[in-house]
Amino acid sequence: MTSALDITQAVNPPRAAFLDYPLGQTAGKVGEPQLQRAIMIEALQAFVTLKQPGSVKMLPFKWSDSEDWKSTTFSTDSRLPRVDTPQYQYDEDRVLAESCDGATCAVCFEPPRP
Amino acid sequence: MGEPVRYIERIQCLYQGLGYPAYRWTVNETEPPWTPVTKPLRDCRLMLIASGGIYLAGQVAFHYKDDSSYRAIPKDAPASALRATHFAYDLANARRDLRCVFPLETLRGLAAEGFFGELASHAYTFMGGIYSTRRVNTELAPALVARAQEEKADLALLVPV
């Protein structure tokens with residue numbers, strides 16, 4: 001799935017489904033599970049309907065009647081500082097993760113170095 | 001549908017204005033690899049892979065400096081234990097309703113309806129915004145492919161942010 005058509009076309013994956021929404025909601029609008037379900041059905045169908053390598057299915061959903069959001073998106077740099085310590089959503093997550101003994105945890109992976 | 005946003009051009013302008021060196025976008029000009037889907041969706045095992053910085057409470061969160069690690073999220077993980085962290089997109093929406101960047105619940109519902117066969121045992125998550133394409137190409141992507149093969153996934157659905 002993608003909401004950045006030009007970036008996806010540059011990468012050129014085997015198949016893609018494009019949702020013309022602002023970035024940060026590639027799988028549908030917040031709090032709208034029926035819409036999310038409809039988007040996902042359209043996206044999954046692309047697995048079997050696209051027959052040409054590199055094709056993109058344009059999903060039939062619009063963010064809003066107005067296209068004004070397109071003129072302002074990514075006009076400022078809102079990225080957070082690059083820090084090399086884990087950035088937890090909640091402090092209690094940090095406590096929980098730091099209590100992990102490592103021996104029993106098989107869920108945090110570092111990819112093997114070639 | 002109106003003209004899609006041209007992000008490459010826009011981000012190049014933004015970075016140039018901030019005095020950053022030009023970002024080298026990945027451009028693949030050869031035909032992508034192609035594996036035909038030979039089964040109907042209702043018989044397929046699907047693996048969700050997402051780049052939105054999702055972790056499960058108890059796991060180490062992602063950091064914001066070229067973190068190329070990944071997390072395995074069990075397919076039945078409760079929504080209440082899922083978190084999002086990322087340096088490069090506004091997390092407000094994802095933290096209100098994670099399904100908009102990590103559609104695990106949506107996919108669980110569609111599997112239960114029989115729209116596709118089943119989810120793989122785990123979804124895999126990482127944090128995009130990794131500037132080293134070499135590390136993505138030689139470390140992260142091969143590791144995720146290996147997981148998909150180990151879990152015998154027929155389909156891999158990548159949800160970037």
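How much area do chain B and chain A bury between them?

1. Chain B and chain A bury about 6600 Å² between them, and 63% of that area lies on carbon and sulfur atoms. Buried area here is the accessible area (1.4 Å probe) that two parts lose on being put together, summed over both.

2. The model is predicted, so local features need pLDDT of at least 70, side-chain atom pairs count only at pLDDT 80 or more, and totals for chains, interfaces and linings use all residues. Residues are numbered from 1 along each chain as its sequence is written, chains are lettered from A and ligands numbered from 1 in the order in which they are written, and side-chain values use heavy atoms, with hydrogens and water left out.

3. Chain B brings 83 residues to the contact and chain A brings 76 residues; contact means heavy atoms within 4.5 Å. Across this interface there are 31 residue pairs in polar contact, both residues at pLDDT 80 or more. A polar contact is a pair of N or O atoms within 3.5 Å; within protein, one must be able to donate a hydrogen and the other to accept it, and residues adjacent in sequence count only if both atoms are side-chain atoms.

4. On the side of chain B that touches chain A, the residues divide into 49 nonpolar, 16 polar and 18 charged. Ala, Val, Leu, Ile, Met, Phe, Trp, Tyr, Cys and Pro count as nonpolar, Asp, Glu, Lys and Arg as charged, and the others, Gly among them, as polar.

5. The whole structure holds 15 salt bridges over all chains, and 3 salt bridges cross the interface of chain B and chain A. A salt bridge is a side-chain nitrogen of Lys or Arg within 4 Å of a carboxyl oxygen of Asp or Glu.

6. One salt bridge joins R82(A) and D66(B), at 3.9 Å from N to O. This pair crosses between chains, with R82(A) in the loop between α3 (69–72) and α4 (91–98) of chain A and D66(B) in the loop between β2 (54–56) and β3 (70–74) of chain B. Helices (H or I, at least four residues) and strands (E, at least two) are DSSP runs, numbered from the N terminus.

7. Is R82(A) buried, partly exposed or exposed? R82(A) is partly exposed at 26% relative accessibility, while D66(B) is buried at 18%. Buried means under 20% relative accessible area, exposed over 50%, partly exposed in between (1.4 Å probe, protein chains only).

8. Within chain B, R6(B) and E3(B) form a salt bridge, with their closest N and O atoms 3.7 Å apart. R6(B) is partly exposed at 45% and E3(B) is exposed at 56%.
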